[in-house]
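Here is a model worth a slow look. Keep the viewer open and follow along, one region at a time.

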Amino acid sequence: MSQFDLVIKNGVVATASDTFKCDIAIRDGKIVQMGDNLSGGAQEIDAEGKYVLPGGIDSHVHISQPSGEGIVMADDFESGTLSALFGGNTTIMPFCLQEKGTPLRETLKDYHDQAEGKCYTDVSFHLIICDPTNAVLGQDLPALIADGYTSLKVFMTYQDLRLDDASILRTLDVARDTGATVMVHCENEDAIRFLIEKHEKAGDVAPRVHATTRPVAVEREATHRALALAEVVDVPIVIVHVSNGEARDEISRARSRGSKVVGETCPQYLMLTADDLDGMDWEGAKFVCSPPPRDKAAQADCWRGIENGVFELFSSDHCPFRYDDPQGKLTPKGRTSFRHIPNGIPGVETRMPILFSEGVMKGRIDINRFVAMTSTNHAKTYGLYPQKGTIAIGADADIAIWDPAEKRTVRHADLHDGSDYSPYEGLELTGWPTTIVLGGKVMVRDGTLTGEKGDGRYRHASTRSFPAPV
């Protein structure tokens with residue numbers, strides 16, 4: 001009888017703080033031994049010449065989310081988690097959207113039903129709060145937080161989702177009392193509506209106008225306001241998908257005042273610009289997301305935010321719609337005006353390879369910073385650490401083996417999401433995850449799927465323990 005279920009040998013192990021060569025022994029889904037020359041595995045993987053990293057955690061993913069009448073998101077839990085898996089992820093954290101008038105617990109049950117038996121990675125849900133009634137904030141939300149649903153998101157934009165300042169304050173106060181973590185989408189909806197109306201009156205409705213109606217100023221102002229509201233309540237918050245240096249600097253200034261704030265950015269703000277929305281024949285719709293991509297200077301500012309630690313989280317904000325589809329980007333109303341184009345782009349599978357290639361391989365960040373930004377800090381911020389997000393004895397055996405010499409050109413035909421395009425089509429990358437282990441089970445081996453739908457499980461989270469990131 002074998003001593004271990006799996007032994008990973010000869011690889012270079014990297015965590016958020018250390019890099020070293022050792023073997024890893026796994027039993028019953030956990031890492032049970034680390035050292036040299038380990039043997040006795042029922043299975044063995046030779047990772048010579050490769051990095052052995054904690055499985056990625058993408059904490060900003062939209063899957064099977066209600067998106068408006070006649071619009072259908074491209075990914076369900078099967079395709080979304082499969083795509084995430086092939087991108088080196090072993091856990092994703094999608095959003096459970098509370099539609100107005102529907103109890104939170106009922107919404108969660110429906111969302112769990114959609115995920116049950118479908119997942120190739122582990123999952124853990126965030127709650128979206130768009131109907132903060134007295135009953136929700138006084139009873140429903142505290143009870144769910146106690147049950148392990150410990151993170152929630154609020155919006156300052158989108159007419160059907162936005163909360164006013166008073167509602168945000170009340171929601172933050174619940175988070176302060178319960179230890180929950182609040183994520184904030186920061187854009188000034190009133191300013192956006194003002195700009196949309198001006199462009200529509202002028203008949204200027206092409207996809208490129210989406211970026212014009214959501215300029216840096218509306219993100220900067222809302223970021224400042226969100227941070228001020230959190231300061232009033234005295235509660236940590238997460239500022240998600242920061243797209244530019246001005247909003248980044250608001251985070252830095254808040255920290256200098258003693259505020260506890262986690263910053264997040266995404267691949268689209270490193271690789272795309274507003275010019276991509278100016279495609280011929282409405283093709284710019286492929287790149288419509290909020291906040292929109294900016295310009296080359298904003299890209300450089302976001303890289304500086306990664307390099308100097310203002311951004312601790314690197315997430316995909318995967319929000320996939322098909323392009324050439326009347327239920328996707330080219331919905332009948334979407335063909336008439338930018339304001340009706342579904343917001344969001346796919347990217348869960350390319351998130352980590354982009355940061356590895358553009359960050360690690362080009363010397364902008366080291367491998368430890370890569371691990372922190374793609375796995376460890378997500379686990380710490382959202383209550384999954386130390387079971388997830390690191391390689392250590394007792395941790396879940398969620399591991400991604402990366403080949404730093406693997407060169408690939410991004411082609412959507414090679415990806416696994418439910419969309420029909422990638423915004424990064426043609427991008428040449430160096431470094432790719434080739435073998436993925438989830439809970440001790442080899443899910444992908446040398447690029448071939450070996451796991452099964454349903455191998456992923458739901459994971460409840462613990463409440464906040466700040467300061468979280470490293």
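## Cysteines

The sulfur of Cys289 is 8.5 Å from the closest cysteine sulfur, that of Cys266, which is too far for a bond; a disulfide here is a pair of cysteine sulfur atoms within 2.5 Å. Cys289 is buried, at a relative accessible area of 3%. For the burial terms, buried means under 20% relative accessible area, exposed means over 50%, and partly exposed is in between, using a 1.4 Å probe and protein chains only.

Searching the whole structure turns up zero disulfides. Cys119 is in none either, with the nearest cysteine sulfur, that of Cys96, 13 Å away. Cys119 is also buried, with a relative accessible area of 3%.

## What you are looking at

This is a predicted model, where local features need pLDDT of at least 70 and side-chain atom pairs count only at pLDDT 80 or more, while totals for chains, interfaces and linings use all residues. Residues are numbered from 1 along each chain as its sequence is written, and side-chain values use heavy atoms, with hydrogens and water left out.

Start with the seven-stranded open sheet, which has the order β3-β2-β7-β17-β18-β19-β20 and mixed pairing. At its edges stand β3 (19–21) and β20 (448–449), each with a single partner strand, so one side of each has no neighbour in the sheet. Helices (H or I, at least four residues) and strands (E, at least two) are DSSP runs, numbered from the N terminus, and two strands pair if DSSP finds at least two bridges between them. Inside this sheet, β17 (residues 399–409) and β18 (residues 428–438) run antiparallel and are joined by eight bridges. One to pick out is Ile401, whose bridge partner in β18 is Thr435. Lying across β2 (12–14), β3, β7 (51–54) and β17 is helix α12 (residues 367–381), which runs at about 35° to β7. Axes are lines fitted to C-alpha atoms, for helices over the stretch in contact, and angles run from 0 to 180 degrees between N-to-C directions.

The four-stranded open sheet goes β5-β4-β1-β6, again with mixed pairing. Its edge strands, β5 (30–35) and β6 (41–46), each pair on one side only. On average, neighbouring strands of this sheet are turned by 20° against each other, ignoring direction. Five bridges link β1 (residues 4–9) to β6 in parallel, and Leu6 has Gln43 as its bridge partner in β6.

Which residues of α2 are buried? They are Leu104, Thr107, Leu108, Tyr111 and Ala115. Seen down the axis of α2, the buried residues fall within an arc of 100°, so they line one face of the helix; that arc is taken from the directions from the helix axis to the C-beta atoms. An α-helix has 3.6 residues a turn, so residues three or four places apart point the same way. The buried residues of α2 pack against α1 (77–86), β9 (89–97), β11 (126–128) and α3 (134–146), with contact meaning heavy atoms within 4.5 Å. Just after the helix, Gly117 takes a positive phi of about 75°.

Arg105 also sits in helix α2, but counts as partly exposed at 45% relative accessibility. Setting aside neighbours within four places in sequence, Arg105 is in contact with Ala143, Leu144 and Asp147.

How many of the five residues of β15 (residues 261–265) are buried? Five of the five are, so the strand is largely enclosed by the rest of the structure. Both faces are covered, with Val261, Gly263 and Thr265 on one side and Val262 and Glu264 on the other. Strand β14 (residues 237–239) runs parallel to β15 and is joined to it by three bridges; Ile239 has Gly263 as its bridge partner in β15.

Helix α8 (residues 245–256) has buried residues too: Gly245, Ala247, Arg248, Glu250, Ile251 and Ala254. Among the elements covering them are α7 (216–233), β14, β15, α10 (296–307) and β16.

## A buried loop serine

Finally, find Ser337 in the loop between β16 (311–314) and α11 (351–360). Ser337 is buried, with a relative accessible area of 5%. Leaving aside neighbours within four places in sequence, Ser337 is in contact with Glu200, Val205 and Trp282.
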